[in-house]
Amino acid sequence: MLTRRAALMGAAGIAALPVLAKAAKAEEIMDTSMAPPADLSSLKRIKRKLVRPPMVHEHEQEAPAEPRIVEFEMQIVEKEIEVDDGAYLQAMTFNGSVPGPMMVVHEGDYVELTLFNSPENMMQHNIDFHSATGALGGGSLTLVNPGEKTTLRFKATRPGTFVYHCAPGGPMIPWHVVSGMSGCIMVLPRGGLTDHKGDPVRYDRVFYIGENDFYIPKDENGDYKRFEDVAESYPDTLEVMNGLIPSHVVFNGKVGSLTGDNALHAAQGEKVLFVHSQANRDTRPHLIGGHGDLVWERGKFNNTPQRDLETWFIAGGSAGAALYEFLQPGVYAYVNHNLIEAVNLGATAHVVVEGNWNNDLMEQVQAPVEYNAAYEGKTALP
């Protein structure tokens, strides 16, 4: 019997879901059963409960002497989300949030993730860790149908910030990614972060900014379409996607998700680590009124951080990190400095900083007053 899911796969150039599964197994799913198991019985195990971005779960900045196995659990949830007033996306998510939650481990640790594909979902899913080595980043070992779970373990061998995303194969890959299925993992050096001189650096808080480009179709009247489920949304979404022009570019899943009542908060004198990911398109974060004191633009902590940047570049499919000590109170705008995308499409966050103003850094010498335009403010023509 041709099901709704089978029809969807047909639209993607695949006759039916079972065929998709067989094709994936034949071409991408690896059989690792012949390899001898790794003996990690001497290592300590710890469990980390993931939290919703922009917050990050509890973690140490410096690791204990011995590596550990860090256990995570993550649920795949297909659900409708409201990206903006009247604009709804049939989203596919890790743990119900866009982006998926950020994981933190240390170099040499083992990440052990149990991934659940909820039985009420319609799609196959998996996870590709850019921080992992082999088997399509774990994607070929984690492909699960609705109602299935799987556990993957990999060794975190390279320190830095890395994207993870869903990559179930073929045309499903970009669709799942631009439907919300991406997140970030941060692998800290065992001794913690260091600056350009190699001296230790600590942060007081960390914010995870996940940037997404969405492609929500419109009807003949110019209104955003709304779909019954994720399968129904595919053909129209594919057409918009292939035009490469997003309807929305947002932080953390929604226009205004990190502004107004949802703004981030810090205190004067605090050092904040901003981790920023974009799984699909290039972006250029900028903190208006602040700077990147230390910036790992490509997100890799073995590299010397750049200093004092005004704007930094995050390549599509990567995550970067920037550390800034807030010196003045006020409301800071953290934006994608393609200002069209920041102002018109939604890629803006606010950081509200409490403290006492320092006139040595900035002072309003004169408040705005009227002046005689006939005699002041003019320059002689050449």
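**Aromatic contacts, surface patch and salt bridges**

Trp-296 is a buried residue, its relative accessible area being 3%. The structure described here is a predicted model. The ring of Trp-296 pairs with that of Phe-301; the centres are 5.3 Å apart and the planes stand at 90°, so the arrangement is edge-to-face. Phe-301 is likewise classed as buried, with a relative accessible area of 8%.

In total, 11 aromatic pairs were counted. Among them is the edge-to-face pair of Phe-274 and Phe-326, with 6.4 Å between the centres and 65° between the planes. Phe-274 belongs to strand β15 (residues 271–278), whereas Phe-326 is in the loop between β19 (318–325) and β20 (330–336); the pair therefore ties together parts 52 residues apart in sequence. Both partners are buried: the relative accessible area of Phe-274 is 3%, and Phe-326 has a relative accessibility of 0%. Phe-274 and Phe-326 are also members of a cluster linked by ring pairs, together with Phe-207, Phe-251, Tyr-324, Tyr-332 and Tyr-334.

Lysine side chains also lie over aromatic faces. Lys-218 is placed over the face of Tyr-224, 5.0 Å from the ring centre, and Lys-300 over that of Phe-162, at 4.4 Å from the ring centre.

Glu-112 is buried, at 13% relative accessibility, while Arg-153 is partly exposed at 36%.

A salt bridge with an N to O distance of 2.8 Å is formed between the side chains of Glu-270 and Arg-205. This pair links distant parts of the chain, 65 residues apart: Glu-270 is in the loop between β14 (264–267) and β15, and Arg-205 in strand β12 (residues 205–214). Glu-270 counts as buried at 17% relative accessibility, and Arg-205 as partly exposed with a relative accessible area of 30%.

Lys-225 and Asp-236 form a further salt bridge, the closest N and O atoms lying 3.0 Å apart. Lys-225 is found in the loop between β12 and α4 (230–241), and Asp-236 in helix α4, 11 residues apart. Both are partly exposed, with relative accessible areas of 26% for Lys-225 and 24% for Asp-236. Through shared partners, salt bridges join Arg-45, Glu-71, Glu-112 and Arg-153 into one network.

Definitions and conventions. Residues numbered from 1 in each chain as written. Predicted model: local features only at pLDDT ≥ 70, side-chain atom pairs only at ≥ 80, totals over all residues. Heavy atoms only, no water. Phe/Tyr/Trp six-rings, centres within 6.5 Å; stacked < 30°, edge-to-face > 60°. Helix = DSSP H or I, 4+ residues; strand = E, 2+ residues; numbered from the N terminus. Buried < 20%, exposed > 50% of the residue type's maximum accessible area, 1.4 Å probe, protein only. Lys NZ or Arg CZ within 6 Å of the ring centre and 35° of its normal. Salt bridge = Lys/Arg side-chain N within 4 Å of Asp/Glu carboxyl O.
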